[in-house]
Amino acid sequence: CSVMYNPVEFAEIGFSFPTTSHLFKSHPLPQVVAVDKGFAGKKKVSSFVEGEVLVLKGFDGRKKLRCISIPSNELKVLRESMKISFTTNVLKIKLYLSEVVQYLNFPVKAKLFHTEKNIQQQIRNPHTLTMVNSEQSLIASYHSRPGSIVEILANVSISFELIELEEDDRQQLFKKSKTILETFHPSHIKEVITDVSPTKNKVQTAAFQCVQNGE
């Protein structure tokens with residue numbers, strides 16, 4: 001996905017910072033920028049190449065700005081005197097969701113991309129990514145309502161009865177589960193909620209467990 005910077009409208013085409021000084025004076029400070037014109041410093045920590053994506057982490061004094069280079073995850077330092085230009089154009093700033101979760105502050109406005117037949121495509125409308133912490137949960141489907149799924153939190157007091165399915169019922173359950181899986185597509189996403197608790201990804205795993213196991 002690509003994080004959008006929107007102090008003004010038309011955030012998709014990006015906002016340009018012709019010098020490092022312009023970036024330092026921006027308000028609000030963007031969370032992510034791409035290097036438009038690089039700078040060769042004496043050390044790697046102070047060298048920046050064109051196209052490099054930087055997550056801005058905050059000022060260290062008045063003349064230094066700490067940042068993280070993506071995807072190397074190296075900590076670097078920008079100085080106000082450096083002659084570097086930057087952009088927030090969404091086509092030049094692309095991060096994996098795992099990087100967004102690890103480095104950025106939520107909520108963030110973003111453009112989402114997906115790959116189909118080895119071609120990267122942009123999902124038309126911007127999305128707001130929101131961070132929540134949730135309890136461990138189980139994803140289940142209604143036997144009487146095909147196509148519907150429900151999330152059950154682990155701390156909810158519910159009694160269950162285990163029943164044995166006939167082979168025909170098992171096959172029908174597999175087909176319905178596979179249909180639900182195949183309808184999941186990035187273009188259908190309206191909001192992305194990420195779980196950073198120790199139960200991360202358990203919801204997704206539980207949702208598709210029966211399909212993966214061929215049950």
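Asn 73 is partly exposed, because its relative accessibility of 41% falls between the 20% and 50% cut-offs. Asn 73 also stands out for its backbone, with a positive phi of about 65° although it is not a glycine. Please keep in mind that this is a predicted model.

**Overall make-up**

- The secondary structure of the protein amounts to four helices and 14 strands.
- The protein has 215 residues, and 32% of them are buried.
- Among contacts with a separation of 6 or more, 57% are between residues 24 or more positions apart.

**Salt bridges**

- Side chains of opposite charge can pair when their charged atoms come close.
- Lys 76 and Glu 52 form another salt bridge, and their closest N and O atoms are 2.9 Å apart.
- This pair links distant parts of the chain, 24 residues apart: Lys 76 belongs to strand S6 (residues 74-79), while Glu 52 is in the loop between S3 and strand S4 (53-59).
- Are Lys 76 and Glu 52 buried or exposed? Lys 76 is buried, because its relative accessible area of 5% is under the 20% cut-off. Glu 52 is buried too, with a relative accessible area of 8%.
- Glu 80 forms a salt bridge with Lys 63, where the closest N and O atoms are 3.5 Å apart.
- Glu 80 is in the loop between S6 and S7, and Lys 63 is in the loop between S4 and strand S5 (64-70), so the pair ties together parts that are 17 residues apart in sequence.
- Glu 80 is partly exposed, with a relative accessible area of 21%, whereas Lys 63 is exposed, with a relative accessible area of 55%.

**Negative surface patch**

- Glu 164, Glu 166, Asp 168 and Asp 169 form a negative surface patch.
- One of these residues, Asp 168, lies in helix H3 (residues 167-183).
- Asp 168 counts as exposed because its relative accessibility of 61% is over the 50% cut-off.

**Backbone features**

- Most residues other than glycine have a negative phi, and most peptide bonds are trans.
- Where is Asn 73, the residue with the positive phi? Asn 73 is in the loop between S5 and S6.
- The peptide bond from His 27 to Pro 28 is cis, and its omega is near 0°.
- Pro 28 has its place in the loop between helix H1 (20-24) and S3.
- Phe 106 and Pro 107 are also joined by a cis peptide bond, with omega about -5°.
- Pro 107 is located in the loop between H2 and strand S8 (108-111).

Methods
Residues are numbered from 1 along each chain as its sequence is written. This is a predicted model: local features need pLDDT of at least 70, side-chain atom pairs count only at pLDDT 80 or more; totals for chains, interfaces and linings use all residues. Side-chain values use heavy atoms; hydrogens and water are left out. Patches are made of residues with over 30% relative accessible area and no salt bridge: like charges are joined within 9 Å, nonpolar side chains (Val, Leu, Ile, Met, Phe, Trp, Tyr) within 5 Å. Accessible areas come from the Shrake-Rupley method with a 1.4 Å probe; for residues, only the protein chains shown count as cover. A salt bridge is a side-chain nitrogen of Lys or Arg within 4 Å of a carboxyl oxygen of Asp or Glu. Lys and Arg count as positive and Asp and Glu as negative; His and the chain ends are not counted. The place of a charge is taken as NZ of Lys, CZ of Arg, CG of Asp or CD of Glu. Helices (H or I, at least four residues) and strands (E, at least two) are DSSP runs, numbered from the N terminus. Buried means under 20% relative accessible area, exposed over 50%, partly exposed in between (1.4 Å probe, protein chains only). Contact means heavy atoms within 4.5 Å.
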